[in-house]
Amino acid sequence: MTTGAAFWLALVGVVLAVASLTWQFATFRLTGSLVRAELVHGCIGPGGATYGEPGKFNVAMMVAQGYVMEVVGIEVFNRGRIGVNVTRWAMHSSKKDSYMPVGDQHGPDLPHRLEPGVSAQWFMPMYTMQKIVRVNAEVLHRPNPAQC
């Protein structure tokens, strides 16, 4: 075998090894559940829920359309290749304090199965979260949740 042929054979071997290692890593990362949750802000009315990105959602316009309850919540996505069970969710008003809605939760019953490629949303009334922040400010002396 000539030196040039040996070089090309070795180069093909290295390329195949790198491709195989990349494929193994991608398969490992995508094999399990890959769950992402995003904070959402919206309103609930008789026709259902409407929501969007916090800070960019027009609550006044939705209230004028008949959506009477302002809500905050999460949208959960399963981007993995196997299903996952959502057993609970909570809102954190600080690094140490959180609130898990039980009776005032709007969304699918928990635990909820999220199959691959599926999303689900859960909401709680905004006044509940505002009350939690107010309690933190008055009782725990934490006026700004971002500084906790």
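**Close-up views of a predicted model**

Figure 1. Of the chain's 148 residues, 27% count as buried. The model is predicted.

**Figure 2. Overall dimensions.** The radius of gyration of the chain is 24 Å. A compact globule of 148 residues would have a value near 15 Å. Along the principal axes, the C-alpha atoms fill a box of roughly 80 × 40 × 30 Å.

**Figure 3. Order of helices and strands.** The chain has 3 helices and 8 strands. Along the sequence they follow the pattern α-β-β-α-β-β-β-β-β-β-α. Among contacts with a separation of 6 or more, 64% join residues 24 or more positions apart.

**Figure 4. A nonpolar patch that includes Phe 7.** Phe 7, Trp 8, Leu 11 and Val 15 make a nonpolar surface patch. The patch covers about 430 Å². Phe 7 belongs to helix H1, which spans residues 3-31.

**Figure 5. Val 118 in its loop.** Val 118 sits in the loop between strand E7 (112-114) and strand E8 (119-125). The relative accessible area of Val 118 is 34%. Val 118 therefore counts as partly exposed, as that class runs between the buried limit of 20% and the exposed limit of 50%.

Figure 6. Leaving aside residues up to four places away in sequence, Val 118 touches Val 76, Phe 77 and Asn 78. Val 118 and Asn 78 are 40 residues apart along the chain. Their C-alpha atoms are separated by 5.7 Å.

How values were computed:
Residues are numbered from 1 along each chain as its sequence is written. This is a predicted model: local features need pLDDT of at least 70, side-chain atom pairs count only at pLDDT 80 or more; totals for chains, interfaces and linings use all residues. Side-chain values use heavy atoms; hydrogens and water are left out. Patches are made of residues with over 30% relative accessible area and no salt bridge: like charges are joined within 9 Å, nonpolar side chains (Val, Leu, Ile, Met, Phe, Trp, Tyr) within 5 Å. Accessible areas come from the Shrake-Rupley method with a 1.4 Å probe; for residues, only the protein chains shown count as cover. A salt bridge is a side-chain nitrogen of Lys or Arg within 4 Å of a carboxyl oxygen of Asp or Glu. Helices (H or I, at least four residues) and strands (E, at least two) are DSSP runs, numbered from the N terminus. The radius of gyration is taken over C-alpha atoms; the globule rule is 2.2 Å times the number of residues to the power 0.38. Buried means under 20% relative accessible area, exposed over 50%, partly exposed in between (1.4 Å probe, protein chains only). Contact means heavy atoms within 4.5 Å.
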